[in-house]
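The following note sets out several points on the model shown below.

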Amino acid sequence: MKKLVVIGAGMASGRALEHLFEADPSAYEVTLFNAEPRGNYNRIMLSPVLSGEKSFAEIVTHDDDWYAANKVACRFGERVVSIDTKAKVVTGEKGEVPYDKLLIATGSAPFIIPVPGKDLKGVVAYRDLEDTNAMIEASATPGAKAVVIGGGLLGLEAAAGLRLRGMEVTVIHLMGHLMERQLDPSAGYLLQKDLEKRGIAILTNASTKAIVGSEKVEGVELADGTVIPADLVVMAVGIRPETTVAKAAGLDVGRGVKVSPQMTTSDPDVLALGECVEFEGLLFGLVAPLYDQAKVVAKTLLGEEAAFVPKELSTKLKVTGCDLFSAGDFMEADGREDIVLRDPARGVYRRVVLEGDRVVGAVMYGDTAEGSWFFDLIREGTNVAEMRDTLIFGQAYQGGASLDPMAAVAALPDEAEICGCNGVCKGTIVSAIKSQGLTTLDEVKAVTKASASCGQCASKVEQVLAFTLGDAFKGAARKTMCKCTDLGHGEVREAIRAKGLKSIPAVMQELGWKTPNGCATCRPALNYYLVCDWPGEYVDDGRSRFINERVHANIQKDGTFSVVPRMWGGLTTAAELRAIADIAEKHQVPLVKMTGGQRIDLLGIEKENLPAIWKDLNDVGLVSGHAYSKGLRTVKTCVGKSWCRFGTQDSMGLGVKLEKLMWASWTPAKVKLGVSGCPRNCSESTVKDIGIICVDSGYDLHISGAAGLHVRATDLLCHVDTEEELLEYAGAVLQMYREGAWYLERVYKWQERVGFDTIKAAIVEDAASRKAYWERFLASQKVAQVDPWAERVAGLERHEFSPITIVPALAAE
């Protein structure tokens with residue numbers, strides 16, 4: 001009888017042996033090595049074992065009786081030392097075993113991030129029963145704390161299990177949302193929300209710097225200096241194919257052991273399968289393809305024709321109560337279309353990605369009952385042209401006509417709730433429309449409060465209005481943020497604050513965005529609103545900014561960039577000018593120009609050279625001038641009473657103070673200030689967003705000027721006597737603008753919308769209101785005032801400035 005040696009008693013090799021024994025139980029005499037002191041068990045079910053929902057005995061696949069019945073010589077707890085492919089001998093720790101055929105199923109090894117403290121007691125991976133038992137033991141200590149590094153499938157299952165065991169759990173994830181390989185940001189947000197409800201703390205965009213402790217783990221230090229206390233640290237950041245033995249044997253190894261469609265390696269008598277293999281550049285970590293490989297291995301060992309073909313995969317999370325599903329390719333690409341369904345009240349998100357008339361990807365959260373149906377559509381490449389209008393609703397809705405929103409409204413009973421925030425039903429709205437002659441959304445909102453809070457139901461309220469008025473309804477065109485939402489800027493801003501939304505995915509899910517990830521119109525706006533409303537909590541999303549703000553320089557028409565260092569109040573020194581000249585020569589800057597804002601512009605810089613020129617400017621004390629930003633640009637000053645015979649106050653000194661107060665503050669649109677030392681207005685303060693005219697008795701504060709495509713003189717807001725008052729009033733006005741204006745709305749446009757009297761009442765007439773705006777502005781500036789150039793010189797977002805290498809295609813032979 002031929003001899004088969006199997007290295008590794010995991011799920012993949014176990015399934016291969018099952019197929020082999022079923023087809024021909026007498027084909028091979030089998031010897032099975034396993035480094036663990038046990039046979040095959042269902043590793044997928046380790047999570048329920050960790051949580052206490054199952055025992056180990058319940059997840060054993062092959063027990064001693066099974067191996068005995070199939071006459072398998074078990075070498076459990078024995079590692080393989082070497083393979084001699086020429087002599088066809090496998091050497092274990094306890095001796096040699098000859099083979100005719102060899103099956104390598106060594107699986108994968110956990111990736112341990114190379115940080116200080118990784119070898120401390122209490123740091124574990126999560127791959128096998130020993131790891132699981134170590135975590136269970138650690139959880140037995142009352143009040144114990146665990147940190148899980150990695151927010152993928154395995155890490156979250158570990159976190160959920162430890163939490164059920166009573167531990168205080170924090171998950172640290174490097175990327176912006178959980179399970180980024182399987183979920184898009186919207187589904188990732190919902191998952192995080194559900195896990196946080198279970199008492200699991202989630203930190204995204206968090207990088208581990210070190211694991212701290214003397215003899216055993218005591219905590220995890222993040223790159224920002226935060227230290228999270230921990231008695232247990234679970235590394236779940238990924239796996240790597242375990243190829244050590246195969247590589248030492250001289251087999252062809254890339255990222256994994258390379259195999260053919262028949263699952264043979266570079267040696268035809270050696271086969272491999274499972275997480276240790278690489279097939280046509282692919283690696284495998286889910287069980288479905290491993291079981292497909294097992295079928296092929298059994299047939300190959302029996303001399304039958306078979307070939308492994310990778311198939312589409314789907315993903316589910318084994319955490320009780322977290323229902324998620326993903327399948328196919330849901331990344332954005334040209335030629336693709338998204339269909340999105342969101343139900344914020346139920347925490348449901350469903351996204352289907354189409355390419356032409358075929359479904360290529362699907363992501364679901366909260367309601368995954370239709371997952372298998374969408375998965376079948378993906379695998380079979382079904383043409384969905386005829387069901388496109390109702391596709392997102394699932395299989396039960398196919399074959400019907402498109403839903404008519406007006407008919408749906410007509411069918412609603414009077415007690416049907418239209419506005420969830422304020423509890424307003426259809427009957428209340430209809431009654432108000434008829435009894436009070438309401439004809440517009442704003443009138444309905446004022447009378448009934450329907451859509452007066454988050455605004456998400458505004459379109460439904462309009463449908464009720466249209467249904468009730470019939471032909472008399474004229475439906476004023478609502479100005480929405482963009483095609484992704486039915487809400488306007490004001491409604492979105494109100495909802496962000498009212499609902500405590502602190503991420504872009506949270507806003508999109510809770511406010512029912514129609515697209516999965518927004519667009520170039522709404523994402524920058526949402527990013528600004530979140531930066532403004534949650535300083536120190538929300539992490540600025542560079543991907544949601546335009547190119548100038550993303551790379552902190554102004555792009556020119558030839559693709560190069562301009563660099564404008566800040567010159568406080570338009571002042572400079574001979575040393576600064578000399579340094580700028582030297583830097584311009586060193587970097588061969590094509591053009592140096594004085595700007596209208598009393599600064600110097602270095603033009604023609606290639607993007608990859610920006611950090612180098614910024615470093616040299618930083619070294620001589622110069623920081624970003626934010627000439628590219630929706631924020632404070634310049635404070636233009638005249639020389640004032642220090643030099644001018646007409647000057648009444650120190651306009652230069654005040655300008656410097658204002659600029660140092662306001663620099664780095666993000667605003668809805670660009671903001672420019674001017675400080676003129678007398679009413680002759682040499683600094684053109686009366687066409688600035690905020691302008692100060694110095695007079696003998698103090699300072700006149702003006703707002704809402706413009707001198708671009710639209711020319712507008714400022715309005716006098718008030719007079720103050722001292723610099724200290726002026727700084728407070730100006731800061732309060734800027735904060736009121738930051739909090740109340742819509743993205744890209746200049747100060748004068750904001751004033752036109754809200755009214756000059758509204759601004760004056762809040763800043764001049766209501767001292768408490770002014771103080772509150774002023775204090776919020778100061779608090780925000782404590783977070784904001786960091787030089788972005790210095791951050792990027794230190795390595796932040798290094799990828800933005802790396803040159804793109806284009807490799808020419810090889811010529812056809």
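How many helices and strands does the secondary structure of the protein chain come to?

1. Overall make-up. The model is predicted. Its protein chain comprises 25 helices and 38 strands. Taken along the principal axes, the C-alpha atoms fill a box of roughly 110 × 75 × 70 Å.

2. The protein chain has 813 residues, of which 51% count as buried.

3. Disulfides. A search of the whole structure returns 0 disulfides. Cys522 accordingly takes part in none, and the nearest cysteine sulfur, belonging to Cys482, is 3.7 Å away. A disulfide requires the two sulfur atoms to be within 2.5 Å.

4. Cys638. For this residue the closest cysteine sulfur is that of Cys682, and the distance of 5.8 Å is too far for a bond. Cys638 also counts as buried, because its relative accessibility is 16%, and the cut-off for that class is under 20%.

5. Helices H11 and H13. Helix H11 covers residues 426-436 and helix H13 covers residues 458-469; their axes are 10 Å apart and the packing angle is about 50°. This angle makes H11 oblique to H13. The crossing of the two helices is right-handed. On the H11 side, the residues in contact are Lys426, Ile429, Val430, Ile433 and Lys434, and they meet Val461, Val464, Leu465, Phe467, Thr468 and Leu469 of H13. By class, the contact of H11 with H13 holds 8 nonpolar, 1 polar and 2 charged residues.

6. Helices H18 and H19. How do the axes of helix H18 and helix H19 cross, and at roughly what angle? Helix H18 spans residues 574-586 and helix H19 spans residues 610-619; the axes come within 10 Å and cross at roughly 160°. The two helices are therefore roughly antiparallel to each other, as an angle over 145 degrees is assigned to that class. Their crossing is right-handed. In the contact, Ile580, Ile583 and Lys586 of H18 meet Ile613, Asp616 and Leu617 of H19. The contact of H18 with H19 divides into 4 nonpolar and 2 charged residues, with no polar residues.

Note on methods
Residues numbered from 1 in each chain as written. Predicted model: local features only at pLDDT ≥ 70, side-chain atom pairs only at ≥ 80, totals over all residues. Heavy atoms only, no water. Buried < 20%, exposed > 50% of the residue type's maximum accessible area, 1.4 Å probe, protein only. Axes fitted to C-alpha atoms, helices over the stretch in contact; angles between N-to-C directions. Helix = DSSP H or I, 4+ residues; strand = E, 2+ residues; numbered from the N terminus. Parallel < 35°, antiparallel > 145°, perpendicular 65-115°, else oblique. Left-handed = near helix turned anticlockwise from the far one by under 90°. Contact = heavy atoms within 4.5 Å. Nonpolar A, V, L, I, M, F, W, Y, C, P; charged D, E, K, R; others polar.
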